Amino acid sequence: MTAPELLVDAGVASVRRLGRFDATASCSCGWSGRRRLLVAAAEQDAWAHAMRDRCEVSTPLVLTW
Ligand SMILES: [Zn+2]
């Protein structure tokens, strides 16, 4: 169960897939991850950030630009 008031300031993390070997995680709270060769690595960044900074992960997580 989630309490809505705890999520007011939470950002939403997502992975931007910019090319075949270029993916970067970023978050609406201002955080952005390192550029990764693998989408899976960028996904790990997004999840790790969400857990550490109490942000949410977007659905779908990976967005193709
Ligand atoms: Zn965030």
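Which strands do the buried residues of H1 pack against? In this predicted model, they pack against S1, S2, strand S3 (32–36) and strand S4 (56–64). The paragraphs below go through the sheet, then the helix, then the core.

The protein has 1 helix and 4 strands, arranged along the sequence as β-β-β-α-β. Of its 65 residues, 26% count as buried. Among contacts between residues at least 6 apart in sequence, 41% join residues at least 24 apart.

The 4 strands form an open sheet with mixed pairing, in the order S3-S2-S1-S4. S3 and S4 are the edge strands; each has a single partner, so one side of each is left without a neighbour in the sheet. On average, neighbouring strands of this sheet are turned by 10 degrees against each other, direction ignored. S1 and S2 pair in the antiparallel sense, and 6 bridges connect them. Arginine 16 has threonine 24, in S2, as its bridge partner.

H1 lies across S1, S2, S3 and S4 and runs at about 165 degrees to S1. The helix has 15 residues, and the distance from its first C-alpha to its last is 21 Å, close to the 21 Å expected at 1.5 Å a residue. Its buried residues are Val39, Ala42, Glu43, Asp45, Ala46, His49 and Ala50. These residues lie on the same side of H1 because they cover an arc of only 155 degrees around the axis. On the face turned away from the buried side, H1 carries the exposed residues Ala40, Met51 and Arg52. Just after H1, arginine 54 takes a positive phi of about 60 degrees.

The largest nonpolar core consists of 10 residues: Ala13, Val15, Ala23, Ala25, Cys27, Val39, Ala42, Ala46, Ala50 and Cys55. Strand S1 (12–19), strand S2 (22–27) and helix H1 (39–53) are the elements that give two or more residues to this core. H1 gives the most, with 4 residues. Leaving out residues up to four places away in sequence, cysteine 27 touches Gly11, Val12, Ala13, Ser32, His49 and Cys55.

How values were computed
Residues numbered from 1 in each chain as written. Predicted model: local features only at pLDDT ≥ 70, side-chain atom pairs only at ≥ 80, totals over all residues. Core = buried A, V, L, I, M, F, W, Y, C linked by C-beta atoms within 7 Å. Buried ≥ 20, exposed ≤ 12 C-beta atoms within 10 Å, placed from the backbone. Contact = placed C-beta atoms within 7 Å. Expected span 1.5 Å × (residues − 1). Arc of directions from axis to C-beta. Pairing = 2+ DSSP bridges. Axes fitted to C-alpha atoms, helices over the stretch in contact; angles between N-to-C directions.
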